[in-house]
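Good morning, and thank you for coming.

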Amino acid sequence: MIKAIISGGGTGGHIYPAISIANALRDSGYETEILFVGAIGKMEMEKVPEAGYRIIGLPVAGLQRSLSVSNLALPFKVLKSLRMARKIIRDFRPDVIAGVGGYASAPMLWEGISAKIPCLIQEQNSYAGLTNKILGKRADRICVAYDGMERFFPAGKIRLTGNPIRKNISPATEDSRRCARKSFGIPEDGLPVVLIVGGSLGCGTFNRIMERHCRRGSTEDGFYIIWQSGRAASARTDALFKEIGSTGGDGTRRSGRIINMDFIKDMDMAFAASDLVVSRAGAGTISELCAAAKPAIFVPSEVVAEDHQTKNAMSLVEKGAALIVRDGEADGRLMDTIVSTLADGGLRKRMGENIYRLARPRAAEEIAGEILKLAGAKI
């Protein structure tokens with residue numbers, strides 16, 4: 001029996017890769033027991049049990065960038081989380097600990113390293129965060145998704161595995177594209193489809209631009225838009241679609257050729273239906289777009305640590321695999337860039353081919369293999 005702790009979370013970009021790794025461990029042929037450790041109040045506390053795994057929550061939280069009273073409680077939350085991490089290790093007795101990023105990763109990895117338990121870091125981004133750079137000096141293995149990570153971690157510990165993705169994401173066939181369009185209620189009329197997705201929590205920039213686009217009466221453009229706006233914006237988007245006139249229900253709103261959803265559960269279908277994707281530049285999303293071979297326009301978030309989303313996006317732009325629009329320029333440029341990219345079929349074809357060359361669809365299995373090796377499995 002191999003006992004593994006997988007720690008981290010906070011957003012879908014951390015949670016779904018973590019679940020993919022757990023599934024790969026479960027399907028490896030080795031008898032495994034897997035425990036997740038997340039952050040109380042974050043979405044992993046819901047999504048991980050839905051996937052069939054046990055999870056324990058830590059009270060750890062992140063530092064607020066603005067002045068906030070909650071920052072005063074942060075040291076106490078960190079200390080309590082470290083104490084809880086020690087107890088989890090004592091009670092569960094893991095053979096290995098894997099940190100996938102997010103608030104809960106650091107306490108578990110710190111205590112695991114201190115207890116001399118083999119530890120693995122899964123660094124998703126092209127620019128490593130401060131916590132992982134510090135912990136990487138003492139961890140046993142660092143699995144990365146980009147070349148050149150020797151500037152952050154000891155070269156001998158690095159394994160280039162890519163980022164784990166959901167198994168059902170792959171390049172669309174004509175049949176899967178037709179089926180996906182039908183699932184979103186899009187007719188086979190030859191018009192292209194744009195997917196605008198701001199991650200599991202939504203994106204204020206995209207929502208603001210789409211609200212203005214809808215109010216301008218642009219719901220009958222020469223293309224369809226599937227727009228994920230996020231659950232936090234649900235009341236606002238309800239009001240918007242009531243104002244412009246809409247049909248639909250069960251979390252889906254429609255007006256002309258615009259389809260809006262709070263959250264898209266079947267992202268593989270959304271990718272298959274689309275001809276162009278507009279997205280933030282989180283590492284998990286990028287890895288899925290590579291596997292789906294989708295041309296993309298990235299609008300990196302500017303409020304993430306070390307501006308790593310811009311660095312993620314530029315690593316694809318430099319290879320001719322994507323376009324970038326800066327967040328501060330998106331209000332004036334994004335819709336024009338969408339229209340011009342849809343009009344250039346050759347550009348979209350080249351970007352789709354180039355982004356697919358960067359895909360590593362077996363990342364979860366490769367990372368699981370490294371976890372099993374650290375746990376002492378003979379593989």
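How many bridges join strand 8 to strand 12? There are four, and strand 8 (residues 193-197) and strand 12 run parallel. Two strands are said to pair if DSSP finds at least two bridges between them. The strands themselves, like the helices, are DSSP runs numbered from the N terminus: helices are H or I with at least four residues, strands are E with at least two.

Before I continue, a word on the source. This is a predicted model, in which local features need pLDDT of at least 70 and side-chain atom pairs count only at pLDDT 80 or more, while totals for chains, interfaces and linings use all residues. Residues are numbered from 1 along each chain as its sequence is written, and side-chain values use heavy atoms, with hydrogens and water left out.

Let us stay with strand 12 (residues 276-279). Right-handed means that, with the strands pointing away from the viewer, the path from the first strand over the helix to the second runs clockwise.

In a regular strand the side chains alternate between the two faces of the sheet. In strand 12, Leu 276 and Val 278 lie on one side, Val 277 and Ser 279 on the other, and all of them are buried. Buried means under 20% relative accessible area, exposed over 50%, and partly exposed in between, with a 1.4 Å probe and protein chains only.

Now to the sheet around it. Its seven strands form an open sheet in the order 10-11-9-8-12-13-14, and the pairing is mixed. Strand 10 (252-255) and strand 14 (323-324) each have a single partner strand, so one side of each is left without a neighbour in the sheet. Within this sheet, strand 9 (residues 224-228) and strand 11 (residues 258-261) run parallel and are joined by four bridges. Trp 227 stands opposite Asn 260 of strand 11.

Which residues does Glu 211 contact, leaving aside neighbours within four places in sequence? They are Trp 227, Arg 236 and Leu 240, where contact means heavy atoms within 4.5 Å. Glu 211 counts as buried because its relative accessible area is 7%. Its side chain also makes a polar contact with that of Arg 236, at 2.6 Å. A polar contact is a pair of N or O atoms within 3.5 Å; within protein, one must be able to donate a hydrogen and the other to accept it, and residues adjacent in sequence count only if both atoms are side-chain atoms.

Seven strands form an open sheet in the order 3-2-1-4-5-6-7, with parallel pairing. Its edge strands are strand 3 (54-58) and strand 7, each pairing on one side only.

Strand 6 (residues 141-144) pairs in the parallel sense with strand 5 (residues 119-123) over four bridges, and Leu 120 has Arg 141 as its partner. Strand 5, helix 5 (residues 130-136) and strand 6 make a right-handed β-α-β unit. Towards strand 7 (residues 158-160), three bridges join strand 6 in a parallel arrangement. Here Ile 142 is the bridge partner of Ile 158, and Val 144 stands opposite Leu 160. Arg 141 and Cys 143 point one way, Ile 142 and Val 144 the other, and all are buried.

In strand 1 we find Ser 7, which is buried because its relative accessible area is 1%. Its contacts, not counting residues up to four places away in sequence, include Val 37, Ile 97 and Met 108. The C-alpha atoms of Ser 7 and Gly 102 are 8.2 Å apart, although 95 residues separate them along the chain.

Finally, how many disulfides are there? The count is zero, where a disulfide is a pair of cysteine sulfur atoms within 2.5 Å. Take Cys 203: the closest cysteine sulfur, in Cys 214, is 15 Å away and therefore too far for a bond. At 3% relative accessibility, Cys 203 counts as buried, and Cys 214 is likewise buried at 3%.
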